[in-house]
Amino acid sequence: MRRAASIPVLLLTIGLFRWPALLNAQTCLPGTLRVLLKDSQEAPIFDVQVQIASGTQKLGPEITKSQGIADFVNVSCGTWTATATKPGFEDNTGTIQIQSAAAAELTIVLSPQIVHSSVNVEEKAPPVDDEYDSAYEFR
């Protein structure tokens, strides 16, 4: 009879030792991500399209306002890549790790696109009037 009572006590003891492991196995809570878009002079860039992706998950696109900020909420834990695009600038990306319930921030710098252009100007000079030149000729 004493042996039967010790089995539940043994199971309870094993369960108590496993409790810390169960706490560590909690799921990761979503966080937030703020992406700051700046130019090479550290000035914010408005009207930038920002999209974030992790594996097959995608969020956005978000469009930056005058402060150059794109905010994303409910971003699941893991590694995310942000892609920023705006006409007149080179596309750029940045990568960040999202932790459980954390607020993360990523800065992406956009460089202006190099524009090459050329202009060919062709003009023919008007003919020179010989009478006019001889009147002012020095002797």
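Tutor: Start with a definition: helices are DSSP runs of H or I with at least four residues, strands are runs of E with at least two, and both are numbered from the N terminus. Read that way, this chain follows the pattern α-β-β-β-β-β-β-β-α. The model is predicted: local features need pLDDT of at least 70, side-chain atom pairs count only at pLDDT 80 or more, and totals for chains, interfaces and linings use all residues. Residues are numbered from 1 along each chain as its sequence is written, and side-chain values use heavy atoms, with hydrogens and water left out.

Student: How many helices and strands does the secondary structure come to?

Tutor: The chain has 2 helices and 7 strands.

Student: Which strands pair, and in which sense?

Tutor: Two strands pair if DSSP finds at least two bridges between them. Here β1 and β7 run parallel, over 7 bridges. Threonine 32 has alanine 103 in β7 as its bridge partner. β2 and β5 are antiparallel, joined by 5 bridges. Valine 50 faces alanine 84 of β5 there. β5 also pairs with β6, antiparallel, through 7 bridges. In that pairing, tryptophan 80 is opposite isoleucine 96 in β6.

Student: What happens in the hairpin of β5 and β6?

Tutor: Between the strands are 6 residues, and glycine 88 takes a positive phi near 95 degrees.

Student: Which residues have the most contacts inside the largest nonpolar core?

Tutor: General idea: in soluble globular proteins, nonpolar side chains tend to be buried together. Buried means under 20% relative accessible area, exposed over 50%, and partly exposed in between (1.4 Å probe, protein chains only). A nonpolar core is a set of buried Ala, Val, Leu, Ile, Met, Phe, Trp, Tyr and Cys residues joined through side-chain atoms within 4.5 Å. The largest one here has 20 residues, and Leu33, Val35, Leu37, Val50, Phe72, Ile108 and Leu110 have the most contacts inside it. At least two residues of this core come from each of β1 (31-38), β2 (49-54), β4 (69-75), β5 (78-85), β6 (92-98) and β7 (103-109).

Student: What is leucine 33 in contact with?

Tutor: Contact means heavy atoms within 4.5 Å. Leaving aside neighbours within four places in sequence, the partners of leucine 33 include Ile52, Phe72, Val75, Ile96, Ile98 and Leu106. Over the chain, 50% of the contacts with a separation of 6 or more are between residues 24 or more positions apart.

Student: Which side chains of β7 are buried?

Tutor: Ala104, Leu106 and Ile108 point to one face and are buried. Across the chain, buried residues make up 20% of its 139 residues.

Student: How many salt bridges does a search of the whole structure find?

Tutor: A salt bridge is a side-chain nitrogen of Lys or Arg within 4 Å of a carboxyl oxygen of Asp or Glu. The search finds 2. One joins aspartate 71 and arginine 34 at 2.7 Å, N to O. Aspartate 71 lies in strand β4 and arginine 34 in strand β1, 37 residues apart, so this pair links distant parts of the chain. Aspartate 71 is partly exposed at 38%, and arginine 34 is partly exposed at 34%. Lysine 38 and glutamate 42 form a salt bridge at 3.6 Å, N to O. Lysine 38 is partly exposed at 23%.

Student: Where does the charged end of lysine 86 sit?

Tutor: A charge sits over a ring if NZ of Lys or CZ of Arg is within 6 Å of the ring centre and within 35 degrees of the ring normal. The charged end of lysine 86 is over the ring of phenylalanine 46, 4.2 Å from its centre.
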